[in-house]
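Let's take a walk through this protein together, one neighbourhood at a time. Keep the viewer open and follow along.

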Amino acid sequence: MPIRFFNTLSRTKEPFEPMEPGKVRMYTCGPTVYNYAHIGNLRTFLFEDLLRRHLKYRGFDVYHVMNLTDVEDKIIRACKETGEPLKSLTAKYVDAFFEDLDALGVERAEEYPAATDHIPEMVELIKTLRDRGHTYEIDGSIYFKLSTFPQYGALSHFDMDQLQSGASGRVDSDEYATEDARDFALWKAYDEDDGAVFWETELGKGRPGWHIECSCMSMKYLGESFDIHCGGIDNMFPHHENEIAQSEAATGKQFVRYWLHSAHLSVENKKMSKSLGNIYTLRDLVAMGHDPLAVRWALISTHYKQPSNFTFEGLEAAKVTLNRIRDFRIRLEGIRGEGSDLAEAIETCEREFGDALDDDLNISGAIAAVFEFVREANRLMDKDDLSQEGARQALALLDRLNAVTGLFSPPLVDEVPQSILDLVQERQDARRAKDFARADAIREQLTSEGWVLEDTADGPRVKRT
Ligand code: AMP
Ligand code: ZN
């Protein structure tokens with residue numbers, strides 16, 4: 001069976017066929033960098049990470065672009081409140097975003113274009129829309145005229161006549177008067193509230209609207225038509241509808257073939273909100289002593305289309321499950337001698353795991369297949385009947401499944417003393433600085449202190465020799 005994804009556009013599960021065989025071009029809406037990402041945002045980014053890793057596991061060459069929204073109403077408000085210039089405020093949260101991704105074991109996309117680095121391209125796209133008769137201007141601001149794009153609403157299956165700006169989702173908070181309440185801003189004329197945030201362009205002094213950046217940067221890096229576009233469900237309307245309108249009105253071509261949207265995360269059965277004080281960041285959870293990998297497990301293990309409920313009980317359960325995997329791996333590593341191999345169980349596990357993820361990323365099915373395998377292998381080990389080669393193959397299986405999920409090769413951080421972890425970090429820093437002599441010297445020091453260091457796809461792992 002081919003890979004199937006639930007496509008928001010058709011409201012059905014469809015076989016996935018990329019435009020170019022063997023290659024997948026995908027775009028995922030990235031963070032608005034005026035604050036730390038909260039665990040709801042991270043849930044969406046982890047779903048997208050699973051998607052790209054699974055496509056790679058199935059042999060596709062994936063080209064993934066995620067934008068960084070670094071100019072937008074909320075960011076400008078934050079600059080005003082803090083007195084910090086836009087660039088330094090956003091740079092801080094861009095760095096924090098990547099730190100969070102690394103801590104969670106999220107693979108890097110191929111490109112992370114920032115909106116403010118693409119102002120000329122956005123101006124060009126707006127000019128194209130203007131030349132094609134899709135815009136109008138009021139007081140220096142340029143709007144998309146929705147009545148010129150009758151297909152509008154196809155993604156969210158809304159009735160156009162009932163659509164009103166502000167009906168749902170994030171809308172432009174500007175107060176400019178438009179001809180039709182549903183029209184949205186492509187270019188916002190300078191307003192004194194914008195402070196130092198403006199660009200002098202052919203369109204006048206101002207800044208881009210939020211939606212145009214995603215049309216512009218996705219098409220720049222992936223072409224006018226591409227395979228997959230993702231985001232959280234709140235992005236579907238109006239943001240993704242507006243992206244479709246801008247892109248298809250400009251090119252006359254289908255913008256995206258498959259739209260995948262993840263459901264929201266709530267916390268202890270409540271919507272995250274400032275007033276409830278339940279908007280957690282990864283940093284908050286780490287400061288409470290939680291392992292980022294347990295957070296990864298907790299956020300990834302509910303199917304992406306199911307609303308997910310984050311609970312501290314669930315996080316504790318994720319920690320227990322991870323420790324079960326750690327114990328299982330340690331047990332396998334200790335196996336010496338002759339006995340049965342696990343060839344059939346390995347084959348069954350990998351097939352069921354892959355089949356489950358092929359079915360619209362059924363993560364629960366995939367995890368269940370792994371735990372069935374763990375039970376089977378433990379049964380053999382209880383009888384002292386697993387061969388060393390069988391154990392080696394089992395560990396290799398876990399590493400392959402880890403490449404897709406990031407869940408099955410957890411580093412044994414718990415037992416490693418801080419001084420050793422510091423050395424590992426120092427070696428990473430040396431490698432990043434291309435100081436390989438220093439990196440090698442640190443490895444030798446680790447060896448002399450009784451630790452072996454392995455570089456895995458998920459970063460370095462240390463264990464006792
Ligand atoms: P933002 O930083 O607000 O632009 O959002 C980044 C991503 O997180 C978008 O794909 C949103 O749809 C998604 N997102 C926002 N809130 C939640 C939530 N509570 N649960 C899951 N995803 C969310
Ligand atoms: Zn977007």
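Start at ligand 1, which has 17 residues around it, and the nearest of these are T32, G40, T44, D234 and L265. Here, a residue is near a molecule or strand if one of its heavy atoms lies within 4 Å of it. Before going on, keep in mind that this is a predicted model, where local features need pLDDT of at least 70, side-chain atom pairs count only at pLDDT 80 or more, and totals for chains, interfaces and linings use all residues. As for bookkeeping, residues are numbered from 1 along each chain as its sequence is written, chains are lettered from A and ligands numbered from 1 in the order in which they are written, and side-chain values use heavy atoms, with hydrogens and water left out.

What kinds of residues make up the shell around ligand 1? There are 5 nonpolar, 10 polar and 2 charged ones. (Ala, Val, Leu, Ile, Met, Phe, Trp, Tyr, Cys and Pro count as nonpolar, Asp, Glu, Lys and Arg as charged, and the others, Gly among them, as polar.) Helix α1 (39-57) and strand β10 (226-232) each supply at least two shell residues, and α1 gives the most, with 4. Helices (H or I, at least four residues) and strands (E, at least two) are DSSP runs, numbered from the N terminus.

Now zoom in on some polar contacts, meaning pairs of N or O atoms within 3.5 Å; within protein, one must be able to donate a hydrogen and the other to accept it, and residues adjacent in sequence count only if both atoms are side-chain atoms. The side chain of T32 has an N or O atom 2.8 Å from an oxygen atom of ligand 1. Taken alone, ligand 1 exposes 490 Å², and the protein buries 89% of that (areas come from the Shrake-Rupley method with a 1.4 Å probe; for residues, only the protein chains shown count as cover).

Next stop: the metal. Which residues coordinate the zinc ion (ligand 2)? They are C29 (SG), C214 (SG) and H239 (NE2), at 2.0 to 2.2 Å. Donors are N, O and S atoms within 2.8 Å of the metal (3.2 Å for Na, K and Ca); water is not among the atoms, so sites may look incomplete. C29, in the loop between β3 (23-28) and α1, and C214, in helix α5 (residues 211-222), are 185 residues apart, so the pair links distant parts of the chain.
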